[in-house]
Amino acid sequence: MSDAPARDREVVAGAIFHGGRLLLAQRTRPPALAGRWELPGGKVEEFESPQSALVRELREELAVEVRCGARIGVDVPLSRGMVLRAYRAELVSGEPVALEHSQLRWVDAEELLSMDLVDNDRAWIPELLEELSAL
Ligand code: C5P
């Protein structure tokens with residue numbers, strides 16, 4: 001791995017809706033973000049598509065198989081030229097388990113507003129709420 005700054009690299013996060021609720025995951029790291037909630041996901045590897053990365057990350061983090069759907073919400077700029085994007089993720093099989101988070105929670109619209117989301121993911125609240133109120 002080189003120490004050159006990453007440029008135009010993507011981090012993907014998945015919005016899994018089920019039974020009128022959205023799955024949130026509580027981070028364990030870094031210390032500044034531990035305890036805060038996010039849409040699960042992670043970095044797209046070199047030569048990997050964002051869709052494949054989302055499927056891989058959610059398999060690694062939640063032990064589920066998903067199909068990657070449409071984008072949700074805005075691009076969120078991260079440090080070092082990276083960008084965070086949310087995609088819908090449709091559960092194909094498995095029941096989500098917190099393999100890399102401290103806990104998982106299925107939230108409705110009202111609960112979403114009361115959760116301590118990581119700042120980056122707050123950018124998607126309008127679209128997530130719209131989806132939850134349409135379910
Ligand atoms: O989860 P991971 O640490 O691999 O994520 C890489 C970067 O993307 C981190 O800076 C993390 O804070 C950010 N991220 C985020 N919201 C998510 C997923 C990741 O802000 N839902």
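Is Arg 36 buried or exposed? With a relative accessibility of 17%, Arg 36 counts as buried, where buried means under 20% relative accessible area, exposed over 50%, and partly exposed in between (1.4 Å probe, protein chains only). Before we go on, keep in mind that this is a predicted model, in which local features need pLDDT of at least 70 and side-chain atom pairs count only at pLDDT 80 or more, while totals for chains, interfaces and linings use all residues. Residues are numbered from 1 along each chain as its sequence is written, and side-chain values use heavy atoms, with hydrogens and water left out.

Let us start with strand 1, residues 10–15. Helices (H or I, at least four residues) and strands (E, at least two) are DSSP runs, numbered from the N terminus. Six of the six residues in strand 1 are buried, and both of its faces are covered. On one side sit Glu 10, Val 12 and Gly 14, and on the other Val 11, Ala 13 and Ala 15.

What does strand 1 pair with in the parallel sense? That partner is strand 7 (residues 83–93), joined to strand 1 over six bridges; two strands pair if DSSP finds at least two bridges between them. Here Ala 15 has Arg 88 of strand 7 as its bridge partner. Strand 5 (residues 41–43) runs antiparallel to strand 1, with three bridges between them, and Gly 41 in strand 5 is the bridge partner of Ala 13.

Now for the charged side chains. Side chains of opposite charge can pair when their charged atoms come close. The whole structure holds 14 salt bridges, each a side-chain nitrogen of Lys or Arg within 4 Å of a carboxyl oxygen of Asp or Glu. Our opening residue, Arg 36, takes part in one with Asp 119, and their closest N and O atoms are 2.9 Å apart. This pair links distant parts of the chain, 83 residues apart: Asp 119 belongs to helix 3 (residues 119–122), and Arg 36 to the loop between strand 3 (21–26) and strand 4 (37–38). Asp 119 is exposed at 54%, whereas Arg 36 is buried.

Arg 67 lies in strand 6 (residues 65–77) and Glu 90 in strand 7, so the pair ties together parts that are 23 residues apart in sequence. Arg 67 is partly exposed at 48%, and Glu 90 is partly exposed at 45%.

Finally, look at Arg 56 and Glu 57, which form a salt bridge at 3.1 Å, N to O. Arg 56 is buried at 17%, and Glu 57 is buried at 9%. Both belong to a network of salt bridges that also links Glu 45, Glu 48 and Glu 60.
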